[in-house]
Amino acid sequence: MTDTVFVLNGPNLNLLGTREPEIYGSDTLADIEAMLEEKARELSLAIDFRQTNHEGVLVDWLHEACRTGAKAVLLNAAAFTHTSIALLDAIKAIEPPVIEVHLSDPAKREPFRHLSYVSMAAADCVQGLGARGYAVALERAVQL
Ligand code: DQA
């Protein structure tokens, strides 16, 4: 059976393309999904690509990734990265490894973005590579 990787995107990422393009680039989330579908085909993987603006929904999806036996999760929790102990606890509670993804490099931005609760439990982190970072993270997911 083909392995599935969940790709979970948090708040405001539905606005990619028009949201601060000087920071996040001009690709839309649909562009990133299409690019990642292509990459997944090359790697003989399936992806389940989703976006929500709601913290609890991300928690539910992390549980679902575990329940359904996903191979790994790529998680761009966006602003919840810097605030959410609930996401940290969920990552610790589930079996599949979580790879943290950020389009920008939060470490080079405002001090409030330097703390990542997701990093405290994630298996790996890809940041600052723009949309390409999702493909790099998918390659790393195969190696885990
Ligand atoms: C982000 C970085 C976060 O600090 C920010 O809140 C986002 C996007 C990124 O992909 O660079 O919404 O996760």
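## Strand β4 and its partners

Strands β4 and β5 (residues 124-127) pair in the parallel sense over four bridges; strands here are DSSP runs of E with at least two residues, helices are runs of H or I with at least four, and both are numbered from the N terminus. Two strands count as paired if DSSP finds at least two bridges between them. Within this pairing, Val101 has Val126 of β5 as its bridge partner. The model is predicted: local features need pLDDT of at least 70, side-chain atom pairs count only at pLDDT 80 or more, and totals for chains, interfaces and linings use all residues. Residues are numbered from 1 along each chain as its sequence is written, and side-chain values use heavy atoms, with hydrogens and water left out.

Strand β3 (residues 72-76) is joined to β4 by three bridges, and the two run parallel. Val73 has Val98 in β4 as its bridge partner. Between β3 and β4 the chain passes through helix α4 (residues 85-93), and this β-α-β crossover is right-handed, meaning that the path from the first strand over the helix to the second runs clockwise when the strands point away from the viewer.

## Burial of β4

Five of the five residues of β4 (residues 98-102) are buried, so the strand is largely enclosed by the rest of the structure. Buried means under 20% relative accessible area, exposed over 50%, and partly exposed in between, with a 1.4 Å probe and protein chains only. In a regular strand the side chains alternate between the two faces of the sheet. In β4, Val98, Glu100 and His102 are buried on one side, and Ile99 and Val101 are buried on the other.

## The sheet

The open sheet has five strands in the order β2-β1-β3-β4-β5, with parallel pairing. Its edge strands, β2 (46-51) and β5, each pair on one side only. Strand β1 (residues 4-9) pairs with β2 in the parallel sense over six bridges, and Val7 stands opposite Phe49 in β2.

## The ligand site

Residues surrounding the ligand include Arg19, Tyr24, Asn76, His82, His102, Ser104 and Arg113; a residue is counted if one of its heavy atoms lies within 4 Å.

Polar contacts are pairs of N or O atoms within 3.5 Å. An N or O atom in the side chain of Asn76 is 2.8 Å from an oxygen atom of the ligand. For His82, a polar side-chain atom lies 2.7 Å from a ligand oxygen atom, and for His102 the distance from a polar side-chain atom to a ligand oxygen atom is 2.8 Å.

Methods: Polar contact = N/O pair within 3.5 Å; in protein donor to acceptor, adjacent residues only side chain to side chain.
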